[in-house]
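Take a walk through this chain with the model open beside you.

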Amino acid sequence: MSLDGEGGSMAERVDWKSLTIPACLPITTDYFPDKRSLQNDYVVSDYNLLPDDVNADFAQQRAIYKKPLTTVEVFKELVSQRLAQGFQLIILSSLNKNQSNAAGSNTVPAISTVMRGRQTESEPKEEYLLSIGRIFHKISLFDNSITVTRYRPRHPYPPFNIHYQYRFHAPHHDTYEVSRVSFTTEKLETYNWNYLDHYICTRGHTDFALVEALKYWRFRVFLLPYNNPATRKILEGSPRCDIYTTLSNAEQASLMDGFLRFIEGWLNKIRRPNPNKNWSPTALGGVPPRDPASHLTRRRHSTSLIFLTNQTNLVGSSPFRERLGSNRLPEKPRPRSGSKVMDRGRVSPASEAVLPLSLEQQQQQDHFDANDDSANQELTKIKSNATNVEILEAMKHPQTGVGFLTQHPSLPSQTFVSADAIQWLNNHVEGGMEIEHGINIMKEMIQDKLICHASGDFSQPFILGFYLYHIVQDKENQKAADYSAPLGNLQSFENEWVEIEMRPSKGWCEPISSTTVSTVSTIPSCDTIDESNVPSFLRDDIDLTESMDDRNWTVPLYKHTHLDIDINNKSDRIEWGHLRYQSIYKVDNSYELVVQWVASSGSIVADLIFVWQRKAQMCGIQMVPIPSDLLALPYTLKSDPLRGPIFIPLDTECLMTNKRHLFEEFREDTYAQRLFLFQEAILQRFGFMSCLVENTENDRQYVHITGNAFILVPSSTNTRPRPRTATNVVRRNTGQKRYPVHPDQSSPHEAYITRHVGGKKDDHSTDRKVGFLWSWNHMVSRKWKSPSAGDEFFQKKIIQDFRHFCSNGDNRLKEFWESCWELKEKTCTKAK
C-alpha cells in the first residue's frame, strides 16, 4: 500500500505497479563468507563433471546425432542457469590476496575455502562465485572437468506459511467473490543442482529428463479449428451465438488432413520437394484426367503421388518455391503434397493437392500435352482378395506405390506413414477398403514380418495416424549400398520423432463403393429404430462407455520428444528443448502441445512458436496459448489468485412441467449421464469443444473454438457410470424435484457454486448445482488474436448470450428442449 496526499489529507491506494512488476536485485554483489564462517555455519558439498567423457556415450545414443557441448560451453551454461534463477555474481575486492584480476578479465579467482571432496591439484582456468540469500556456489573450470562446490546454511531460516483470504471482483462476475491464497517460502537449499548440471552436461538426454522439481519453463498451446463460419456470422452482427453446428464430414476430413500436414512439416520437419512443373495434377497416381470418379477432387481420400524418376528436377534449386496449385486460394489448406512447407526431401505419393475442380481442370488442360502418356496411364487396381505379399509389392511400386520418406540418419529404408498406407489401400484396392479392414491387413503384415515399426521393434502394433513404419528387407537387399537399417531402440526413436494416433472422422478415407452401396442398403427390421438424428441425451439406449473419459485409454495420455528450438541458428550458444504432446488426436477435441525448456532463450522459443502459429493457419488450424490452470479454481494448488471462474446456472425448472425428474421417461441409472449430455449439447451449440486435461477427476472441460474461454461441467452433475460396476447414483425418493447426487462424496465445486447462486456456504440444494463454470483465457493477447478469433466485444457478447440462453431468456432453452423432443417423437412415429 502507499500513501499519497498534501496538507494532511492522505489517500490510500494500492501500488499496482509494484505488485505486478517484481523488484530486481543487482546482478553482482561483493559478499562471500570468510573461512571461519564457512567452517562453522555452512554445510559444504562438491561434485565433478566430466563433459567430454559423459558425452562420448550419450551423444552416440541419440537417434539423430547432435553436437555435444564442450567443457567450456557446459561451464558457461551452469553459470547462466544460476543467474536465471536469481543468483548474483560475487565480485571480490582487490584486497583479496588470491584475486588475480587481469585487465579486461571477467573471471573471479579462487579463494581459500574448506572443500570436502577431491582436492584439485592445479589452479582452475576460470572460476565464478555466485550467491542467492545464504546459499553460495563456486563453479571452477579445469582442463577437462568442472567442479561445483555448494555452501548451504547449517541452520536455515524456518519456513512460514501465511493463509490469506480476500474478496475480489473478476470480470463479468455479479459480486465480489471469496478466494484464498497461501504465501509460503521456498527451500532453495533443497534444489537439486546436481541433477540439473548433469542434465545440461548431457544436453537433455533421457537419463536426466526434465522433472517438475527443476522448475523448468513451459508454454502450453491448444490446436483448434480455424476460421469457423459461425464465428464470422457473430462478428458480422448475428444477434444469437448458439448458431454453431457440428462439423460436416468434409470439414472433419479436411481438418484431419491439415493436422497431418502440420505434424509432418513443422513438428517432424519432413518437407516434400516441389514436383516438376511439367507434371500435371492429373498424373498423380496415374488417374485418367477426365475420370469423374477421380479422387483428385477429394484429396482426403487419396494417397498416391507419382514418384518422379527425374529427382534432380524434382528437388529444384529451392525447397520453398510455390506449392503445387495456386496461391489464389487463401481459405484452402495447403496440400501435404508439393507444399512449400515441405522441403526436407520427402518424395512421397502421399496425397494430392486441395484444388477447386475448375482450377484443377484448367491445370490439367495446361499440362496435358507435356504429360500425355503419364496423365492417361491407367491405375492398376489390386484385387480385393490379393495376398499380403501382393499388396506389399504394389506398395513398393516406384510410381503408384505408397511413397516413402527419403533417406534419413534415423529412419530405415522404405519408411512410410501409417495414415498414407490406409489411404493408399482405399484407393488401390478394387471397391475401396474400410479403415478397419486396412488396419487389419497392416497388422497381419507385421505378424508376417513384412512391415515393422520404423524403430525396428516388431512388438509395436500398427496404429493409424502419423506413425512411421518400414518395409522389412530380405538379406540380399540389406547388402545394398543404399540400405539403411532401423535403429533397434524404440526409446531413442520416440525421442526424435513425433508420432500421434488419430481417431478417424467420418468422411475421411471413405471407400469408393460406399456411395453406391448405400443405394442398395438393407431394410432395417421392425424392431430397429434409427436414432442417429435424435440428440444423444434422448436416445433410448445410450452407451455408458461411449463418452467415457479419455483418460481410460490404454496408451499414455502424453508423449515426449526432443525439440530443436533454434531453428534459425540465431543464438550464440547451443539451445534445446522438449515437446510434450498428446498421444491421440480427435477432430472434435482440442489438441495440446507443451514446449518445455531450460537451456533456451525466451526470444528464441517465441520465434519458434510464432512460426508454428503462422504455419498452422495454413493447415486450417488455429494455435492459441493457454494458462497452466484453465479454470483457476480457488481451491486448487497454485491457482492464479487474481482469476476466478464464473458460475452460470442452468434453469432446468422450466423444463420439468409435471415431472419429478427431467428424464423420468428413461431408466433412473441414466439420469446423471443424460443430464451431462444435455449440457454438452448446449455447449456445442455455442461453439465449445471438449479438451482433455490431466488431473480433473470426473470433471469435463471445454474450450471455445476461438480459444477465448473455457468451461467446466462440475462433477456433481457429471457422474460417469463405469462399466462392470454397480451404479453409485442414488435417487432421493422425496416429493421435491431433485437430481441424483453422490450421498457420501461432496463435489469440491459445491461450496463455490452455492456461494454464487444461493449465497450460503452450507446450501446443498442439488437443484442449484446444475450449471457451468466459465473462465476467460487471459493468455490470448493482441499478438495472438486473429480476425477469426474475435475481440473483447465478441467475448462480452458470447457470455451474455450464453447466460441469456441458460436462464431461458426469451424461452430459448425451452424451445431447444422441445425441438429435441420433436426429433425424438418423429423417429418413433416413423418406426411404427
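The paragraphs below take these topics in turn.

This is a predicted model, where local features need pLDDT of at least 70, side-chain atom pairs count only at pLDDT 80 or more, and totals for chains, interfaces and linings use all residues. Residues are numbered from 1 along each chain as its sequence is written, and side-chain values use heavy atoms, with hydrogens and water left out.

Start with the salt bridges. A salt bridge here is a side-chain nitrogen of Lys or Arg within 4 Å of a carboxyl oxygen of Asp or Glu. By this rule the count is 19. One of the pairs is aspartate 242 with arginine 685, at 3.0 Å from N to O. It links distant parts of the chain, 443 residues apart. Aspartate 242 sits in the loop between helix H6 (229–235) and helix H7 (249–267), while arginine 685 belongs to helix H18. Helices (H or I, at least four residues) and strands (E, at least two) are DSSP runs, numbered from the N terminus.

How covered are the two partners? Buried means under 20% relative accessible area, exposed over 50%, and partly exposed in between (1.4 Å probe, protein chains only). Aspartate 242 is buried because its relative accessible area is 6%. Arginine 685 has 24%, so it counts as partly exposed.

A second pair joins aspartate 607 and lysine 570, at 3.2 Å from N to O. Aspartate 607 is in helix H17 and lysine 570 in the loop between strand E17 (558–563) and strand E18 (577–582), so the bridge ties together parts 37 residues apart in sequence. Lysine 570 is exposed at 56%; aspartate 607 is partly exposed at 29%.

Aspartate 669 and arginine 667 form another bridge, with their closest N and O atoms 3.1 Å apart.

Now look at helix H18 itself, residues 671–685. H18 is mostly covered, with 13 of its 15 residues buried. Just after H18, glycine 687 takes a positive phi of about 90°.

Most residues other than glycine have a negative phi. Histidine 172 is not a glycine, yet its phi is positive, about 70°. Histidine 172 lies in the loop between E9 and strand E10 (177–184). Asparagine 808 also has a positive phi, near 65°. Its loop runs between helix H20 (792–806) and H21. Asparagine 808 counts as buried because its relative accessibility is 14%.

Patches are made of residues with over 30% relative accessible area and no salt bridge; like charges are joined within 9 Å, and nonpolar side chains (Val, Leu, Ile, Met, Phe, Trp, Tyr) within 5 Å. Accessible areas come from the Shrake-Rupley method with a 1.4 Å probe, and for residues only the protein chains shown count as cover. Phe160, Ile162, Tyr164 and Phe183 make a nonpolar patch of about 420 Å². Isoleucine 162 is in strand E9 (residues 161–168) and is partly exposed at 47%.

Asp810, Glu815, Glu818, Glu822 and Glu825 form a negative patch. Asp and Glu count as negative, Lys and Arg as positive; His and the chain ends are not counted. The place of a charge is NZ of Lys, CZ of Arg, CG of Asp or CD of Glu. Glutamate 825 is in helix H21 (residues 812–831).

Technical notes:
Expected span 1.5 Å × (residues − 1).
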